Amino acid sequence: LEIENRTLVVFSSDNGPELIDSELGGEQGPLKCGKGTTYEGGMREPAVFWWPGVISPGTVSYALGSTLDLSVTAVSLAGGRMPSDRPIDGYDLTSVLTGKSAMGDRDRMFYYSGKYLMAVRHHQYKAHFWTRGVTAEIRITMKTAGIRLR
């Protein structure tokens, strides 16, 4: 099929590592907390985009993006248009992926838990109004001390 040179491959995650069972849950590295919190360890995940001939190997982007943007970007790359009869939360990342824009169109991200606004990110700044991280912080402290939860 020879599709490898005309296929965009995306690898990402939907949240940070599970903190209760650290052996199965992963590692958040230098980021605070993990899954279930609005701290960086719970909401900030890496994404890898592979697209030969478009994205140069070794390219690093600091653009703010979200998995909400993937459907909008895919529709745009396929030459389609998103519906205009409803609000769309995603942004088209095509300009970032093709190197035409360093930061893209998304300049802020709102973090909700249900109907409650928990935090807002604007470029590199983030304001927390409320977070569910207290329990996660206790878990991290216990993990660091070698205490295992079940």
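**Entry 1: Glu40**

I looked up Glu40 and found its place in helix H2, which covers residues 40-43. The model I am working from is predicted.

Is Glu40 buried or exposed? I read a relative accessible area of 16% for Glu40, so I noted this residue as buried, since the cut-off for buried is under 20%.

Next I checked what Glu40 touches. Leaving out residues up to four places away in sequence, I listed Leu31, Lys32, Arg121 and Lys126.

**Entry 2**

I traced an open sheet of 3 strands, in the order E3-E4-E5, and its pairing is antiparallel. Which strands sit at the edges? I noted E3 and E5 (125-128), as each pairs on one side only. I also took down the angle: neighbouring strands of this sheet are turned by 20° against each other on average, with direction ignored.

**Entry 3: E3 with E4**

I went through the E3 and E4 pair. E3 runs over residues 108-113 and E4 over residues 116-122. How many bridges join E3 and E4? I recorded 6, in the antiparallel sense. Within this pair, I found Ala119 of E4 opposite Tyr111.

Then I looked at the turn. E3 and E4 make a hairpin, with 2 residues between them. I noted a positive phi of about 65° for Gly114 in that turn.

**Entry 4: E4 with E5**

I finished on the E4 and E5 pair. I recorded 4 bridges here, again in the antiparallel sense. Tyr125 in E5 stands opposite His122.

Methods:
Residues are numbered from 1 along each chain as its sequence is written. This is a predicted model: local features need pLDDT of at least 70, side-chain atom pairs count only at pLDDT 80 or more; totals for chains, interfaces and linings use all residues. Side-chain values use heavy atoms; hydrogens and water are left out. Two strands pair if DSSP finds at least two bridges between them. Axes are lines fitted to C-alpha atoms, for helices over the stretch in contact, and angles run from 0 to 180 degrees between N-to-C directions. Buried means under 20% relative accessible area, exposed over 50%, partly exposed in between (1.4 Å probe, protein chains only). Contact means heavy atoms within 4.5 Å.
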